[in-house]
Amino acid sequence: MELFSFDEEYLRRLGAQDPATEAHFVSYFSERLKIVLRGRGVDSHTLDEVRQETFCRVWGAVCSGEVRNPRGFGAYVHSVCKNVLSETRRDIVRNQHDQLDSTDVADQQLDLEDLMQQKQNGKLVREILAMLPERDRHILHARFFEDRENEDVCLQFGIDRDYLRVLLHRAINRFGEIYRKKSN
């Protein structure tokens, strides 16, 4: 492969869409880009896509006057190719999905054993809550069962956030102590 010296006149003709210059550009860089891409382990389908995208971007840059160094034109084309390849590989990795027929999707519906366990746990939680002091029961219910924000719970009980943390900590610990006693 012989090297070609690019100059301003070549870039002007390429930007003006001169058919002979375009044909030279494609034939000159096609084989060179193939060699570079194959050296990086690119398959033939991806190779053609990357090469075509590289040509489109380089033509666009030449037509808009972005290429200012004619002597470095070859390096510019190769750097555009390298960037296109990186983008293509990121897209491939980002869009990889498992085959649906080979993926075992868990059934979201609970089986009978899980339903029974949930009922037993719910009954146990209600029993333990009933054994807690009224304030602990109401704070735990408001915060965890009603899923209310800390600010709302603080307003309801007339306390600040720091004291709410203390009360929640104590209530959770009491709940845990009773749970451990009941489960033994």
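Predicted model: local features only at pLDDT ≥ 70, side-chain atom pairs only at ≥ 80, totals over all residues.
Biologist: Start with charges. How many salt bridges does a search of the whole structure find?

Modeller: The search finds 12. Take E9 as a worked case. Its side chain meets that of R12 in a salt bridge, at 2.5 Å from N to O. It also meets the side chain of R13, at 3.9 Å from N to O.

Biologist: Why can residues three or four places apart point the same way in an α-helix?

Modeller: The general idea is the turn. An α-helix has 3.6 residues a turn, so residues three or four places apart point the same way. Now the case here. E9 and R12 both lie in helix α1, residues 8-15, and are three residues apart. E9 and R13 are four residues apart in that helix, about one helical turn.

Biologist: Now helices. What span should the 22 residues of helix α4 have?

Modeller: Compare the expected span with the distance between the ends. Helix α4 covers residues 73-94, and at 1.5 Å a residue it should span 32 Å. Its end C-alpha atoms are 31 Å apart, so the two agree.

Biologist: Which residues of α4 are buried?

Modeller: They are F73, G74, V77, V80, C81, V84, L85 and T88. Look down the helix axis to see how they are arranged. These buried residues fall within an arc of 140 degrees, so they line one face of α4.

Biologist: Which exposed residues does the face turned away from the buried side carry?

Modeller: That face carries A75, V93 and R94.

Biologist: And what covers the buried residues of α4?

Modeller: The cover includes α1, α2 (19-39) and α3 (44-63).

Biologist: On to rings. How many aromatic pairs does the whole structure hold?

Modeller: The search gives 12 aromatic pairs. To read one, check the centres, then the planes. The ring centres of F29 and F73 are 5.9 Å apart. Their planes stand at 80 degrees, and over 60 counts as edge-to-face, so this pair is edge-to-face.

Biologist: Which helices hold F29 and F73? Are these residues buried or exposed?

Modeller: F29 lies in helix α2 and F73 in helix α4, so the pair ties together parts 44 residues apart in sequence. Both residues are buried.

Biologist: Which residues do ring pairs link into a cluster?

Modeller: The cluster links F6, Y10, F25, Y28, F29, F55, W59 and F73.

Biologist: Last feature. Where does the charged end of R32 sit?

Modeller: For this one, read the distance from the charge to the ring centre. The charged end of R32 sits over the ring of Y28, 3.8 Å from its centre. R143 gives another case. It lies over the face of F144, at 6.0 Å from the ring centre. R143 also takes part in the salt bridge with D147.

Technical notes
Residues numbered from 1 in each chain as written. Heavy atoms only, no water. Salt bridge = Lys/Arg side-chain N within 4 Å of Asp/Glu carboxyl O. Helix = DSSP H or I, 4+ residues; strand = E, 2+ residues; numbered from the N terminus. Expected span 1.5 Å × (residues − 1). Buried < 20%, exposed > 50% of the residue type's maximum accessible area, 1.4 Å probe, protein only. Arc of directions from axis to C-beta. Contact = heavy atoms within 4.5 Å. Phe/Tyr/Trp six-rings, centres within 6.5 Å; stacked < 30°, edge-to-face > 60°. Lys NZ or Arg CZ within 6 Å of the ring centre and 35° of its normal.
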